[in-house]
Amino acid sequence: MTGLNLQKVFRPVKTELKPPKYKLMTEAQLEEATRKATEEAKEKLRMPPVLDEREPIDDILAEDKFLEGTETTKYVFTDLTYSIPHRERFIVVREPSGVLRKASWEERDRMIQIFFPKEGRRVIPPVIFKDEHLVTVFQQDRHEDILNMCIAQFEPDSPDYIRVHHRTYDDIEKHAKYDLLRSTRHFGGMVWYLVNRKKTDGLLIDMLHRDLLDDATSLITLYHMLYPECQSAKEAKEGKLQGVGLIKVFVKTESQKEGYIQLALQAYQEAMATSTAL
Amino acid sequence: MVQLASRLLKSYRGGHVVIRFALGGCTNRPFFRIVAAHSKRARDGKYLEQLGCLDPLPNAHGEKVAGLNLERLRHWLGCGAQLSRPAEKLLGLAGFLPLHPMTVTGAERLRRRAQGAAAPPTGSSGGPDEAS
């Protein structure tokens with residue numbers, strides 16, 4: 001008679017909700033608290049490093065041909081000295097052919113995780129980072145979660161980290177889901193990737209739709225800083241344009257989706273006009 | 001109570017510090033700890049310091065994982081510790097010490113045995129045929 005509702009039996013368990021604590025504060029204390037909160041938020045929003053892909057290691061330390069045939073498996077030796085940074089640790093592999101070589105980056109990461117485990121990192125990278133499974137993640141709109149997992153699992157200069165990040169940014173740009181990353185620490189990385197590949201149009205349109213003129217101008221200034229020889233940069237420097245003028249110049253020279261951006265600009269200016277009139 | 005503590009501490013006559021393997025793990029699953037201990041102590045007994053470990057069974061990637069705390073190893077070698085033969089062979093394989101001569105000799109013996117196993121079967125199969 002109890003009935004079996006699987007949805008209810010296996011629903012996700014919420015952690016203990018603590019009742020909200022109320023503090024009585026003066027104006028000054030409230031300002032102090034908000035200031036501390038903004039500082040902590042800025043700390044959390046700091047961009048993770050964007051690095052180039054690391055070069056593969058292949059360095060042979062010794063070749064002992066007469067050891068061939070004695071062993072069937074390779075030996076991996078890790079230096080467990082506590083005070084060396086992980087980048088300088090000696091991790092060495094003795095192959096069954098007798099060759100003593102430095103370990104590759106994947107072997108290094110695995111060994112360091114075995115002996116000096118870091119929270120949130122698995123020894124063997126989870127299957128979710130493979131391309132076919134990333135598609136499922138993107139369909140569920142969980143870009144931020146997968147990027148956080150990627151930062152925990154991989155080193156910033158590993159090819160897997162870079163590949164996952166590029167896939168995420170491409171998917172966001174294809175479906176114009178910029179808002180998913182808006183107040184996270186991944187937004188800076190995404191903007192850098194798009195500006196480097198000159199795919200800034202979608203982002204610009206999104207910003208204009210949300211009436212973020214300052215963000216749009218900073219995006220275009222960043223673009224000019226990276227490509228100072230382009231036409232719009234030169235015109236902007238000559239005319240010392242600001243705000244809407246800058247965007248108009250940029251749209252005329254650089255963008256592919258000119259029509260859309262002009263429309264968005266017009267809508268924004270009408271909205272500004274009506275709000276100032278009111 | 002100080003007299004009790006000094007009675008509890010084991011005191012040996014002679015003996016020296018060795019760096020050797022201490023066997024641990026379960027049935028059919030060995031696991032060695034590379035350990036600096038007094039030579040008179042039990043193999044798995046109280047040691048001075050653990051300097052690393054060795055997993056003799058290969059893992060999913062086909063590697064035998066070994067860790068060595070080289071800094072402490074150098075300290076104990078500086079204090080005058082001796083090494084057991086398997087420890088010397090392991091450090092030779094790792095490249096920390098030069099290769100142990102027994103490793104080389106073992107390799108040669110294996111090769112000679114393999115050649116001996118390969119050559120006489122061809123010789124012995126030819127013999128009875130010729131005889132018949």
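Visitor: What should I know before we start?
Guide: This is a predicted model, where local features need pLDDT of at least 70, side-chain atom pairs count only at pLDDT 80 or more, and totals for chains, interfaces and linings use all residues. Residues are numbered from 1 along each chain as its sequence is written, chains are lettered from A and ligands numbered from 1 in the order in which they are written, and side-chain values use heavy atoms, with hydrogens and water left out.

Visitor: How many aromatic pairs are there over all chains?
Guide: The search of the whole structure gives 7. Rings of Phe, Tyr and Trp (its six-membered ring) pair if their centres lie within 6.5 Å; planes under 30 degrees apart count as stacked, over 60 as edge-to-face and the rest as tilted.

Visitor: Why is the pair of A:Tyr223 and A:Tyr227 called tilted?
Guide: Their planes are at 50°, so the pair is tilted; the centres are 5.1 Å apart.

Visitor: Is A:Tyr223 buried or exposed?
Guide: Buried, at a relative accessible area of 2%. Buried means under 20% relative accessible area, exposed over 50%, partly exposed in between (1.4 Å probe, protein chains only).

Visitor: Which residues make up the ring cluster?
Guide: Ring pairs join A:Tyr223, A:Tyr227 and A:Phe250.

Visitor: What sits over the ring of A:Tyr227?
Guide: The charged end of A:Lys198, 4.5 Å from the ring centre. The rule wants NZ of Lys or CZ of Arg within 6 Å of the ring centre and within 35 degrees of the ring normal.

Visitor: What area is buried between chain B and chain A?
Guide: About 2200 Å², with carbon and sulfur atoms giving 63%. Buried area is the accessible area (1.4 Å probe) that two parts lose on being put together, summed over both.

Visitor: How many salt bridges cross the interface?
Guide: The rule finds 2 between chain B and chain A. It needs a side-chain nitrogen of Lys or Arg within 4 Å of a carboxyl oxygen of Asp or Glu.

Visitor: What does B:Glu63 form a salt bridge with?
Guide: A:Arg110, with the closest N and O atoms 2.9 Å apart.
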